[in-house]
Amino acid sequence: MTATTKVIRKPQRTMADQSYVIELVKGLGVTLKHFFKGTRQMVTGTTPDLEKHPYADGIATVQYPEEKRPYAQRWRGVHRLTHRDDGSPRCVACLCCSTACPAQCIYIKPAEYAEGDKRRGYERYPEEFVIDELRCIFCGFCVEACPCDAIRMDTGYHMTALDDRASFIYDKAQLMSHVGQDGTQKSANPRHEPGDPTHPGVTRLHGGH
Amino acid sequence: MFWIQAFVKIALIVGVLVNMAAILLWVERKQSAMMQDRIGPNRAAIVVGSVRIRAAGLIHSIADGIKMIWKEDWEPTGGDKLLYRLAPIIALVPALCLFAVIPFGPTLHVAHLRDLWSPEWATETTGTVIPMRIATLDVGLLYVFAVAGAGVIGAALAGWSSNNKFSLLGGLRASSQMVSYEVAMGLSLVGSFMIYQSVQPGDMVNWQMQHCWGIFVQPLAFILFATSAIAETKRVPFDVPEGESEVVAGYFTEYAGLKFGMFASGELVEVCTSSALLVVVFLGGWQLPFVQNTGLEFHYLGIDVSWHWAHIVVVLVGLLTFIVKVLVLVFLQLQIRWTLPRFRYDQIMMLGWKILLPLALLNVLLTGFGILFFNGLPTPGAMTP
């Protein structure tokens, strides 16, 4: 039995290829074309807009600190606590987020509203709301768990690099100072305060427990 | 007077060349960025109040200079200290010295500056004469070869004295490559010497002014000389002496700060000088087509234009022409550097010894036959006055 051999020939190169001069000129043509195109784009300021034409040819650099590409709507950045109309946090201290948190980085100290407050007996408020951003894994479960749309991760902030670990423990005031990508500190979802006509009027005191 | 002239011209040329190295650094970065669809360096800024002057990245060259001056001047232990310090000087100085014989403009006759509209200056040589070159040597381009040959010593010494295997390898590669290509480089110009019947760059420009540009009578030599000149600069298609992926940084691996800067700027100065040599020998030097010593002269195709220029205009046009030609060639060299990948070591040796050298010899032969055939100097161009 004879072994079958397959002879593979090297690609034949012509004299023109071998001389290298013509190919060199072709290559110079390619780079020159790109050079003039890039220079024209830079001088006239017509570099392609990557948001509108993500696959366009040309200089695609974004000058980062001056130009920023917007993050996707659902990008999870640093947390914020949304505000009510009166500026207090929407959070009702139900502890859903800290329960859902797989990293256990949320600490909430709930407190009752003062006697006579119209919200007393209806909901509580967080006396302290602390997130250890170094423990946070940015999974977004807290946002999913929140029944009041009180905690969101739509700030568009990166986690900043800071010198000490204590600076990464964000307290309530810090979290409430963050602004969403829409520029407001509120939530687009409506909230029904006690006394509003849309409020269902059910309080904890109505319950059987 | 002669010494003052010489010193002024030396200061001018050295100043221009050293600054050209810094500017070419910027050109190289920006040019490569443009052709690779990048922006290139543009962050370094001089802050004046609230204004940040970025000058399209030119500040980076200044920043590089400052960085090189202030970096720690580290020296390898166990190396030869004297040779180690000598090597960057030997690498940079010959590159600067090459320009000494290159004529960069028409001769300036001071006496003719007063009578602005006198066209009959060319024959008269009374009064102070300022030739636009540092030295008028009888040996001409042979001096260039001699000095360019000294450049290899810098690379070899740097590789030897660094006490580093990679440096030694780089130095070896540099010396073998430069020695190989100097042979082809020298031989490729022999044809030009035969046609110009001189080794003086000034005579070459005058011949090209009277007949035609050297590239038309010596096209093969132009390609050969350009190739070997690029190889002599040790830049990218021929950069095995400093090939990053093979020998770290080659012969200047162990150099830091200003000593490294001298190697780097020496390379860029070599780009300038080799371009200037190409311009002088093949592209007519400071000569513009149809421009004679008296002004524009066009007497072909039934058109007779005779436009006399003042002497100072002729000189300035000549200077400008030379600068523009050199810049175009420098641009082309940088373009080649960013277009071609690095050749393999054996390919470089094969190209030098088996292709360029025989072709250069063939060029000498063909030129000899050509001169014999035309029984004198060939004048294929249409520029015979």
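The dialogue below concerns a predicted model.

Q: Which secondary structure elements does chain A contain, and in what pattern along the sequence?

A: Chain A has five helices and five strands.

Q: What are the spans of the C-alpha trace of chain A along its principal axes?

A: The spans are about 100 × 65 × 40 Å. Burial is a further property to read: 15% of the 209 residues of chain A count as buried. As for contacts in chain A with a separation of 6 or more, residues 24 or more positions apart account for 67% of them.

Q: Which domains does the assignment give for chain A, and how far apart do their centres lie?

A: The assignment gives domain 1, residues 16-69, and domain 2, residues 80-187. The C-alpha centres of these two domains of chain A are 47 Å apart.

Q: How is a sheet to be read, and what is the strand order of the open sheet in chain A?

A: The general idea is that strands of a sheet pair through backbone hydrogen bonds, either parallel or antiparallel. In chain A, three strands form an open sheet in the order E2-E3-E5, with antiparallel pairing. Strand E2 (106-112) and strand E5 (169-170) of chain A are the edge strands, each pairing on one side only. Strand E3 (residues 124-132) of chain A is joined to E5(A) by two bridges. Within this pairing, Ile131(A) has Tyr170(A) as its bridge partner.

Q: How many helices and strands are there in chain B?

A: Chain B has 13 helices and seven strands. Its radius of gyration is 23 Å, close to the 21 Å that the globule rule gives for 385 residues, so chain B is as compact as a globular protein of that length. The C-alpha trace of chain B spans about 70 × 60 × 45 Å along its principal axes.

Q: What percentage of the residues of chain B count as buried?

A: Of its 385 residues, 42% count as buried. Contacts in chain B with a separation of 6 or more come to 80% from residues 24 or more positions apart.

Q: Which strands make up the open sheet of three strands in chain B?

A: The order is E5-E6-E7 (chain B), and the pairing is antiparallel. The edges are strand E5 (291-292) and strand E7 (305-308) of chain B. Two bridges connect E5(B) with strand E6 (residues 295-298) of chain B. Val291(B) stands opposite Leu296(B) in E6(B).

Q: What span should helix H3 of chain B have?

A: The length of a helix can be checked against its number of residues. At 1.5 Å a residue, the 17 residues of H3(B) (residues 81-97) should span 24 Å, and the end C-alpha atoms are 25 Å apart, which agrees. Several residues of H3(B) are buried, including Tyr84(B), Ile90(B), Leu92(B) and Cys97(B). The cover over the buried residues of H3(B) includes helix H1 (2-35), helix H4 (141-161) and helix H11 (257-282) of chain B.

Q: How many residues does each chain bring to the contact between chain A and chain B?

A: Chain A contributes 13 residues and chain B contributes 12 residues. On the side of chain A that touches chain B, there are six nonpolar, seven polar and no charged residues.

Definitions and conventions
Residues are numbered from 1 along each chain as its sequence is written. Chains are lettered from A and ligands numbered from 1 in the order in which they are written. This is a predicted model: local features need pLDDT of at least 70, side-chain atom pairs count only at pLDDT 80 or more; totals for chains, interfaces and linings use all residues. Helices (H or I, at least four residues) and strands (E, at least two) are DSSP runs, numbered from the N terminus. The radius of gyration is taken over C-alpha atoms; the globule rule is 2.2 Å times the number of residues to the power 0.38. A residue is buried if 20 or more other C-beta atoms lie within 10 Å of its own, exposed if 12 or fewer, and partly exposed in between; C-beta atoms are placed from the backbone. Two residues are in contact if their C-beta atoms, placed from the backbone, lie within 7 Å. Two strands pair if DSSP finds at least two bridges between them. Ala, Val, Leu, Ile, Met, Phe, Trp, Tyr, Cys and Pro count as nonpolar, Asp, Glu, Lys and Arg as charged, and the others, Gly among them, as polar. Domain bounds come from an automatic or database domain assignment. The expected span of a helix is 1.5 Å times one less than its number of residues.
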